[in-house]
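Let's take a walk through this protein together, starting with its sheet and then turning to its helices. Have the model open beside you as you read.

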Amino acid sequence: MNTIDLRSDTVTIPTPAMLQAMMSASVGDDVYGEDPTVNALQEKVSALFGKESALFVPSGTMGNQVSIKTHTEPGDEVIVEEEAHVFVYETAGPAILSAVQLRTVRGTRGMLSADQIRETVRPPGYHLPRTRLLCLENTHGRSGGVVLPVKDLRTVSDYARGEGLKIHLDGARIWNASVASGVALRDYGSCFDSLSVCFSKGLGAPVGSMIVGDRAFIDRARHFRKIFGGGMRQAGFLAAAATYALDHNIARLADDHKNARWFAESLMGLSQLEIDLDNVQTNMVIMDVKRSGRSQREVLELLAGKGVLLTPERHSGIRAVTHLNVSRTDVETASKVFHSIFQ
Ligand SMILES: Cc1ncc(COP(=O)(O)O)c(C=O)c1O
């Protein structure tokens, strides 16, 4: 049986062309700053986002955690949208690594308003924590890969900066946001003091993320990357995969978005599933299975038994993600499997 793996866009396997690019990379010791492929990638990505500097890190989690550490002092408070990866899926990293307090705020499809920030920022006072940083995520995974509108981001960013806050974006899938919205990466970049972006999700590289920001921020982040164990030596082999991914795999994300949309629409007639089509904006489809009378686990097992892999999402949801190892034929086959179970 041919398995169709819709669990995540992180499951992609490097193509022969990407492996070839990795094998022919020039490398050096990146902890000494001597890896030419890493240095070129850092310059390329900082230019894409209109920032002064960038730092290659092994993972999106490290990108977020090093950024939080770099922006804050122990005891600071960080405002974070309550469904954000950095709060839900990073195993309390900010509490452990940065000794900061996370203040969660419920967003609307991942977005917070300037009013919500206004209500949340602490006034100065010796008995209060200092609100230091705001973290957002674009695309927003737990809402189903929705794109945060750049107009709203600009408004919130202006407000937060006016309050003296720094603002960080978890941009693991910023490429998807840019392709879906037509907004340039540098326009997203200008809304944030730092961004963490990933090459190992929809872009199909095996490993690697990048922090971008101004030069002083990245110099300090380099110090914390070393403390967190993220200093890599001949990392150029990995940077070559990321460079290949940037050069070849951004525009094709539109195909993943079309496949996700097609898949969601093909399931709309199934009354046992609830899907909010307005949230299907990029490469994810979240569906609620409670009307099927089956548990989330039962549904996932049934689907897996027929060769279609998805992940659980919140209590009664399941999530499908399209990516470069999933073709239109694959989503058609997956749709037939759904129809055979939920008809
Ligand atoms: C939105 C978001 N941020 C950060 C991460 C963390 O990336 P990594 O798995 O590379 O640590 C993920 C992982 O899927 C993610 O979806």
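Axes here are lines fitted to C-alpha atoms, for helices over the stretch in contact, and angles run from 0 to 180 degrees between N-to-C directions. Helices (H or I, at least four residues) and strands (E, at least two) are DSSP runs, numbered from the N terminus. This is a predicted model, in which local features need pLDDT of at least 70 and side-chain atom pairs count only at pLDDT 80 or more, while totals for chains, interfaces and linings use all residues. Residues are numbered from 1 along each chain as its sequence is written, and side-chain values use heavy atoms, with hydrogens and water left out.

Begin with the sheet. It is open and has 7 strands in the order β2-β8-β7-β6-β5-β3-β4, with mixed pairing; two strands pair if DSSP finds at least two bridges between them. β2 and β4 (101–105) are the edge strands, each with a single partner, so one side of each has no neighbour in the sheet. On average, neighbouring strands are turned by 20° against each other, direction ignored.

β2 runs antiparallel to β8 (residues 209–213), joined by 5 bridges, and L55 stands opposite I211 in β8. Further along, β6 (residues 166–171) and β7 (residues 194–198) run parallel, joined by 4 bridges, with H168 opposite S194.

Helix α7 (residues 150–162) lies across β5 (131–137) and β6, at about 170° to β5. Helix α10 (residues 215–227) lies across β2, β7 and β8, at about 20° to β2.

Finally, a helix pair. The axes of α12 (residues 253–266) and α14 (residues 328–342) come within 10 Å and cross at roughly 20°. These two helices are therefore roughly parallel (angles under 35 degrees count as roughly parallel, over 145 as roughly antiparallel, 65 to 115 as roughly perpendicular and the rest as oblique). Their contact is made by K258, N259, W262, F263 and S266 of α12 and R328, V331, E332, A334, S335, F338 and H339 of α14.

Technical notes
Contact = heavy atoms within 4.5 Å.
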